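Work through the following exercises with the model open beside the sequence. Each task is followed by a solution in steps.

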Amino acid sequence: MVEMPPRCPDCSVEMEEMTLAAGTYNLQFVSEENREGILGSIGVKQKFDAKAFVCSECGLSRMYADLTD
């Protein structure tokens, strides 16, 4: 689980959560594992929203998969 919000490993300041988007869509991580239930039985893959954090000091950015339900 991701420490919320994470600290920048370079500057040691708290990183700011931001929305990372491509056009009008938010980015997602797509697993090779099928979802559970009926959707998984037809081949629908697990998807996790991407949480993006940016350091306000140095601009370092990190992405984490939001594994919470």
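**Exercise 1. A residue before the strands**

In which segment does serine 12 lie?

Solution. Serine 12 belongs to the segment before β1; strands (E, at least two residues) and helices (H or I, at least four) are DSSP runs, numbered from the N terminus. The model is a predicted one, in which local features need pLDDT of at least 70 and side-chain atom pairs count only at pLDDT 80 or more, while totals for chains, interfaces and linings use all residues. Residues are numbered from 1 along each chain as its sequence is written, and side-chain values use heavy atoms, with hydrogens and water left out. The phi of serine 12 is positive, near 65°, although the residue is not glycine. Its relative accessible area is 46%, so serine 12 is partly exposed (buried is under 20%, exposed over 50%, partly exposed in between, with a 1.4 Å probe and protein chains only).

**Exercise 2. Strand pairing**

Solution. 
- Step 1: apply the rule that two strands pair if DSSP finds at least two bridges between them.
- Step 2: β1 and β5 run antiparallel and are joined by three bridges.
- Step 3: inspect the hairpin of β5 and β6, where six residues sit between the strands. Glycine 59 in this hairpin has a positive phi near 85°.

**Exercise 3. The salt bridge**

How many salt bridges does a search of the whole structure find?

Solution. Use the rule of a side-chain nitrogen of Lys or Arg within 4 Å of a carboxyl oxygen of Asp or Glu. The search gives one salt bridge. Its partners are lysine 51 and glutamate 17, whose closest N and O atoms are 3.0 Å apart. Lysine 51 is in β5 (residues 45–54) and glutamate 17 in β1 (residues 16–18), so the pair connects distant parts of the chain, 34 residues apart. Side chains of opposite charge can pair when their charged atoms come close. Glutamate 17 has a relative accessible area of 44%, which means partly exposed.

**Exercise 4. The aromatic pair**

Which rings form an aromatic pair, and is it stacked or edge-to-face?

Solution. Ring centres of Phe, Tyr and Trp (its six-membered ring) must lie within 6.5 Å; planes under 30 degrees apart are stacked, over 60 edge-to-face and the rest tilted. The count by this rule is one aromatic pair. Phenylalanine 53 and tyrosine 64 make up the pair, with centres 5.9 Å apart and 75° between the planes, hence edge-to-face. Phenylalanine 53 is in β5 and tyrosine 64 in β6, 11 residues apart. Phenylalanine 53 is buried at 1% relative accessibility, whereas tyrosine 64 is partly exposed at 21%.

**Exercise 5. A nonpolar patch**

Which residues form a nonpolar patch on the surface?

Solution. Patch residues have over 30% relative accessible area and no salt bridge; like charges are joined within 9 Å, and nonpolar side chains (Val, Leu, Ile, Met, Phe, Trp, Tyr) within 5 Å. The patch consists of Leu20, Leu27, Phe29 and Met63, together about 300 Å² of accessible area (Shrake-Rupley method, 1.4 Å probe; for residues, only the protein chains shown count as cover). Leucine 27 is in the loop between β3 (25–26) and β4 (28–34), and is partly exposed at 32% relative accessibility.
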